[in-house]
Amino acid sequence: MKAVIYNKYGGTDVLEIQDIPRPIPEDNEVLIKIFATTVTPVDAAFRSGNPKVARLFTGLFKPKKSILGTELSGVIEAVGANVGRFKSGDRVFAVAPDGFGAHAQYIAMAEDAAISIIPENLGHEDTAAICNGGLTALPFLRDNAKLKAGQKILIIGAAGSIGTVAVQLAASFGAEVTGVCSTANTEMVLALGAKHAIDYSVEDYRTSGKTYDVIFDTVGKSNFTDARGSLTPKGIYLTTVPDIGVLLSPMFAFLRGGKRAKMAATGLRKDADKIKDMDILKGMISAGELTTVIDRSYPLEQIATAHEYVEKGHKRGNLIITVDHPALHI
Ligand SMILES: NC(=O)c1ccc[n+]([C@@H]2O[C@H](COP(=O)([O-])OP(=O)(O)OC[C@H]3O[C@@H](n4cnc5c(N)ncnc54)[C@H](OP(=O)(O)O)[C@@H]3O)[C@@H](O)[C@H]2O)c1
């Protein structure tokens, strides 16, 4: 099978398309034929080895795993002898185990991993990008912020993969949403359900005098110290990219009169919890209550170009990688 292989940290030139053996599913595994996947900042960080702290997880001196790719959509090609949850031909979307392995034509996964059946009215490109944004935004808003109807939330990075889902989910919870993005994306952010959009190139939310019950920085462009003045007295600051201020926040909360900062590593949640949330998200998308924003698509062969685009830091929603399976002409 074709796969994108990397054996050392570095620029996009470390990515190589190679032919490698197709995985053979164990008795408890399914083999998924991948039709669509994504490139996210997580893939770019795992490829470059920066920030270096990520290497504690991916390998100190060289990558422990050689195929990137955190999420995918495809069809079950084969099942192991003990598999009962899926059968060959099922259309599924999934989170790749440990955030690796989706940039290939096939992946083998345990049947109880984060895999979910695709609703009939959705395609592979609609579902490949559910998990990065959805499985991050949903637990942050529901479990960490405990966001309620009527609360005011500021979402920084409202135009990204996590941000576009966060805006829609927060609005669906009944919160009043303000999205922070660039000029080019304000209309989209309003169309997704934000009541207000702050164009960060002309306005600084910290100087507006407005306060929010929740500030959710989806892209790590702020810090708790600066954001504190824009929180209500019991307000919560959430970030997907924590700094030392966030990590130490619980120890010094008493100094701040109740304002708190939180982060979560949503990728490390149990697969069973992810599956429940995949069912919620796909149900909303299937019912037209949630949209997966797609910026652009590239074929697997253009994976380096896709990484370069993601690393610019301005994709709108998601970047899809299509994976083809040419028929063999013998
Ligand atoms: N903690 C966790 O569990 C967890 C899970 C998944 C991902 N993450 C992390 O979350 C981060 C975001 O991921 P993502 O996939 O959502 O990223 P993404 O889609 O690549 O984010 C791109 C967006 O960032 C926006 N942006 C850039 N500069 C900005 C600024 N100064 N202010 C506001 N928005 C700005 C851009 O909007 P404009 O073009 O309008 O500027 C663009 O739409 C990554 O660092 C990733 O590693 C953490």
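Is Thr-218 buried or exposed? The legends below take up this residue and then several charged groups, all in a predicted model.

View 1. Thr-218 is found in the loop that runs between strand S11 (212-217) and helix H7 (224-227). With a relative accessible area of 5%, Thr-218 is buried, because residues under 20% are placed in that class. A polar atom of the Thr-218 side chain lies 3.1 Å from the backbone oxygen of Gly-157.

**View 2. The salt bridge between Asp-226 and Arg-206.** The closest N and O atoms of Asp-226 and Arg-206 are 3.0 Å apart, and the two residues form a salt bridge. Asp-226 belongs to helix H7, whereas Arg-206 sits in the loop between strand S10 (196-199) and S11, so the pair ties together parts that are 20 residues apart in sequence. Asp-226 is partly exposed, with a relative accessible area of 37%, and Arg-206 is likewise partly exposed, with a value of 41%.

**View 3. The salt bridge between Lys-2 and Asp-324.** Here the closest N and O atoms of Lys-2 and Asp-324 are 3.3 Å apart, and the pair forms a salt bridge. Lys-2 lies in strand S1 (residues 2-5) and Asp-324 in the segment that follows strand S15 (318-322), so this pairing ties together parts that are 322 residues apart in sequence. Lys-2 is buried, its relative accessible area being 18%, while Asp-324, at 41% relative accessibility, counts as partly exposed.

**View 4. Arg-269, Asp-277 and the network around them.** Arg-269 forms a salt bridge with Asp-277, in which the closest N and O atoms are 2.9 Å apart, and both Arg-269 and Asp-277 are buried. Through salt bridges that share partners, Arg-142, Asp-143, Arg-269 and Asp-277 are joined into one network. A search of the whole structure finds 14 salt bridges. Side chains of opposite charge can pair when their charged atoms come close.

**View 5. A patch of positive charge on the surface.** Lys-146, Lys-148, Lys-234 and Arg-260 gather on the surface in a patch of positive charge. One of these residues, Lys-148, lies in the loop between helix H4 (130-144) and strand S8 (152-156). Lys-148 is exposed, with a relative accessible area of 52%, because the exposed class takes in values over 50%.

Conventions. Residues are numbered from 1 along each chain as its sequence is written. This is a predicted model: local features need pLDDT of at least 70, side-chain atom pairs count only at pLDDT 80 or more; totals for chains, interfaces and linings use all residues. Side-chain values use heavy atoms; hydrogens and water are left out. Patches are made of residues with over 30% relative accessible area and no salt bridge: like charges are joined within 9 Å, nonpolar side chains (Val, Leu, Ile, Met, Phe, Trp, Tyr) within 5 Å. Accessible areas come from the Shrake-Rupley method with a 1.4 Å probe; for residues, only the protein chains shown count as cover. A salt bridge is a side-chain nitrogen of Lys or Arg within 4 Å of a carboxyl oxygen of Asp or Glu. Lys and Arg count as positive and Asp and Glu as negative; His and the chain ends are not counted. The place of a charge is taken as NZ of Lys, CZ of Arg, CG of Asp or CD of Glu. Helices (H or I, at least four residues) and strands (E, at least two) are DSSP runs, numbered from the N terminus. Buried means under 20% relative accessible area, exposed over 50%, partly exposed in between (1.4 Å probe, protein chains only). A polar contact is a pair of N or O atoms within 3.5 Å; within protein, one must be able to donate a hydrogen and the other to accept it, and residues adjacent in sequence count only if both atoms are side-chain atoms.
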